[in-house]
Amino acid sequence: MEKEERRLASMERIKTKPCAAIVGAGRTKFGEHWYESPERLLMIAGEAALESVDHGLRRSDIEACYFGSFLYQVTNKLGLVPGYMARELGVNIPMTNTEAACASGSSALFNACMGIMSGKYDVVLVGGFEKMSDRFSKIVDNLMFAGDAHEFDAGFTFSGLYATMMARYIHDYGRGNRRCLEALAQVACKNHHHALGNDYAQFRREITVEDVFKSPLIADPIRLLHCSPVSDGAVALVVVNQEVARKYTDTPIYILASQQATDDVSLFTRESLTGIRATKLAVSKALEQASMSPKDIQIAEVHDCFTIEEVLFLEDAGLFNRGDGWRGVYESFESFKGSKHIPYIGDFGEIIVNPGGGLKADGHPVGATGLRQVWECFVQLRGEAGGHQVSSDKPLNVALCHNIGGTGGIATVHILARDL
Amino acid sequence: MSEPVTRRKILTDYRIRVAKCEICGKTYFPPKWFCNIEGRRSRMSFRDYFYSKGFLYSGTVIRRPTNRFEYIASFLAGIVDLEDGPRVPGRITDFVPPEDEVDISEFIGRGVVPRFRKIYEDGLQGLIYYSSLNFSFLDDYYPYQPYARIKPSERNDKPGIVGYGVYLPKFRIKNRSAEEAQGVQERTVPFADEDTTTFAVEAGKRALIHAALDGRYIRKCFVGSESTPYAVKPTMATVVQALELGEPYEDGFVSGGVDTQFACKAASDLFIDAAALVAFPAFNGGNVMVIGSDNSQAARDDPLDFTVGAGAAAFIFGDRDVIATLDHYVSYTSDTPDFYRREGSKYPRHGGRFTGKPAYFKHTVTAMKLVMKESGLTPKDFNYVVLHSPNARYPFQAALEAGFQPDQVIPSLFVRWIGNLYSGSSLTALAGILDVAEPGDRILVASYGSGAGSDAYIFTVTKAIEEKRSRTIPVKDQIENPHRQYVDYHTYRRWKEMG
């Protein structure tokens, strides 16, 4: 009862009208799926999402589909995702596929929210997928489609672009300070630690800072264990108009804010290499839409494609001052005495970032990632995360999902809440 | 990449084309047609940063490259702040990173200069892509040279050389013994991203800088080579586009030229044509650029494999501000099968017994004797004699056979440290002599091309050479550059095969 009162108190702060509500969510395990095609992966996730709707939902209830994927045309020589999915689902409703590199999944959700907020649809299926392992020998080249052509021609890889950001970050804010390098490794260690209890995660093993430092160099200063992996996987959500949400479940998760911002595709034309403007804009717009401040966020799913990106997020979101993110990581990691989730601690209080392991350990099937983040928050807020459920003194009520495309050419931010 | 995509990138990337808003001064790369700040008020102008320099803003060592850059890994890729310009991405070339982790902070802020290099190629059947968004470190082998264009002075009535440039790559290989390689101690080695075309552009760039001549005054460009990267597609067109030779007109240039092939005299043969064009009334006072460029090829363990070098020399012919007048010329030719390469074969072949006496010596000595006879000059009338240098012994012996003294030929035997540059050999030797020659000096040049022929030229150095000397990078300085870097035989073969 006391718990319930605390929950009611936290609900007091939420004054905003939700964009939509999530009533079901499903996903595949991330990793290599040798025997599954991309459309089959998406179907597996879709079936799981439909099955998860507490009061039941039929395919015929779905009015539209919003998909997100990045490389399917290259990796699997597929086109027309709507046509494939009409065949798989056996329905003939409106469908669109969104490509926004690594932010394809969250962009599909962003568009789905628009569809619902417009009043056109009450029930939509949102899906994200990627099948990267089918083209393993060319995937490093293909990922550069998320970069600028001149960067490609300068020899950059995707990890190389993030390494260039990380190198400048170290140069500006942590040069000669081993703790800065350790913090950039600790992000990976933390996220691996978080994934230990996650049945769907690609990697479920602890790694140490030393392991990171000893892993092979990919693009100095980035080593293998600073990087998220190449993965296959799919995620699907059932998203509905919040007015009808309780028809499908007693515990819908509300989308309080759905925001997106963009910036130059090319790293070299941006004002800064040590911050992502699109993140900054999308986070501040989302917080404004949800009438919240960073202090209200209890858990965050952050786009840690490379560990530097998680540190940049902490600064871009205003949790730490510019250049202090690594200190926040280091101090939080070093002072942690518990056994489960490692929170970041600062003036904002506590925040648990990437409770399921993030892109780093849960895996990063590009088009699925943005929705995997939402899936994670959905199960966490409903207390259904099982082995990796965040245990907190305060009941979990507010979560933020941050998904980036390219090196920051697009950022999508969603704020979710269990109770209004 | 498709042809239109390639063509669009050529227009942007060969010269690092940048847009600048004339209202607020903001610069854009890739170029934009309106300014983000000024919007409809913006007035854009376009300029290039081909002759610029910059600073490394950040970067990384790419250890696991994309497939197209597999050939060159590992390498440093970076973001460069161009001086008075925008920020651009670029690969750092002529730099082999250590195997251990590099502290990128040590490279941040280092000066860099753009280099025209190959970026990658679409396999053996596809196109080869070039760009100037490759940079070498300013404090390394390749110096920064500003390009000052000086208005040509009044007409000189005798055509000749108005400027020259030599490009020798940074990398070298030492021969086990000079004796074994007929006097060649060490040789130039191309970096993995260099080829005949990139040498030609770099040498031509240096020639323009030396002559202080605007490229628009050059109306013909000849590139002589026996190792052009394409069997069909002119290297000279790449040179014209990259160096902007001729009056610009609708993304092209009002100029012409051709690639030529005659083994090692493919370029020297064109000297007389260049001078003749300059004197031809309908050529309207234009200049001609002649480039000899080769990534000299030799089969593994062939005797040539111990003498071949790599590099290029470019000469601009004109009739204003001439530094050496072309006074006399004779060519001598016969069908002598001493050295050849059939279409489709990778390496040239040579019939050992023909290579020396009936081929090289017969043709060079005959040409030298004939040009002296025609001009009424004798060996003692010359300060220097310069010969095609397949090794150090042949030019020395041929010079003596033609009646010259050792001290007239020894100064031009740069082959001892750079190897045989094939089409660039006699041209580089001539450039090295012009580096030190005084006004009034007379030079006899005799090239040699297998197949076979020799061109003999007599040049007289003028006073104009003194004013231009500060703008050369002397051959001797390039040879002795403290940043030159030695590679092993395996690396030499690997990089050479890529060119």
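Visitor: Which way do α5(A) and α16(A) lie to each other?

Guide: α5(A) and α16(A) are oblique to each other. Angles under 35 degrees count as roughly parallel, over 145 as roughly antiparallel, 65 to 115 as roughly perpendicular, and the rest as oblique. Helices (H or I, at least four residues) and strands (E, at least two) are DSSP runs, numbered from the N terminus.

Visitor: Before I go on, what kind of model is this?

Guide: This is a predicted model: local features need pLDDT of at least 70, side-chain atom pairs count only at pLDDT 80 or more, and totals for chains, interfaces and linings use all residues. Residues are numbered from 1 along each chain as its sequence is written, while chains are lettered from A and ligands numbered from 1 in the order in which they are written.

Visitor: Back to the helices. What is the angle between α5 and α16 of chain A?

Guide: About 60°, with the axes 5 Å apart. Axes are lines fitted to C-alpha atoms, for helices over the stretch in contact, and angles run from 0 to 180 degrees between N-to-C directions. Helix α5 covers residues 104–117 and helix α16 covers residues 366–381.

Visitor: Which residues make the contact?

Guide: From α5(A), they include A:Ser104, A:Gly105 and A:Leu109. From α16(A), they include A:Gly367, A:Leu371 and A:Val374. Two residues are in contact if their C-beta atoms, placed from the backbone, lie within 7 Å. By class, this contact has five nonpolar, seven polar and no charged residues. Ala, Val, Leu, Ile, Met, Phe, Trp, Tyr, Cys and Pro count as nonpolar, Asp, Glu, Lys and Arg as charged, and the others, Gly among them, as polar.

Visitor: New topic. How many residues are in the largest nonpolar core?

Guide: It has 290 residues. A nonpolar core is a set of buried Ala, Val, Leu, Ile, Met, Phe, Trp, Tyr and Cys residues joined through C-beta atoms within 7 Å. A residue is buried if 20 or more other C-beta atoms lie within 10 Å of its own, exposed if 12 or fewer, and partly exposed in between; C-beta atoms are placed from the backbone. A:Val124 and A:Leu237 have the most contacts inside the core.

Visitor: What does A:Leu237 touch?

Guide: Among others, A:Ile22, A:Val126 and A:Trp375, leaving out residues up to four places away in sequence. Its list also includes A:Leu109, A:Leu371 and A:Val374.

Visitor: Where do the two chains meet? How many residues of each are in contact?

Guide: 29 residues of chain B are in contact with 28 of chain A. On the chain B side, β4 (54–62), β5 (75–82), β6 (87–92) and β8 (128–137) each supply at least two residues. That side divides into 15 nonpolar, eight polar and six charged.

Visitor: What does B:Asn67 touch?

Guide: B:Asn67 touches A:Lys138 and A:Asp141, not counting residues up to four places away in sequence. B:Asn67 is in the loop between β4 and β5 of chain B.

Visitor: Is B:Asn67 buried or exposed?

Guide: Exposed, because B:Asn67 has 12 other C-beta atoms within 10 Å.

Visitor: What are the domains of chain B?

Guide: Domain 1 (3–137) and domain 2 (160–498). The bounds come from an automatic or database domain assignment. Their centres, taken over C-alpha atoms, are 31 Å apart. 13 residues of domain 1 are in contact with 16 of domain 2. On the domain 1 side, α1 (3–13), β7 (111–121) and β8 of chain B give two or more residues each.

Visitor: What about phi at B:Ala263 and B:Asp301?

Guide: Neither is a glycine, yet B:Ala263 has a positive phi of about 45° and B:Asp301 one of about 70°. B:Ala263 counts as buried because it has 23 C-beta neighbours inside 10 Å. B:Asp301 has 8 inside 10 Å, so B:Asp301 counts as exposed.
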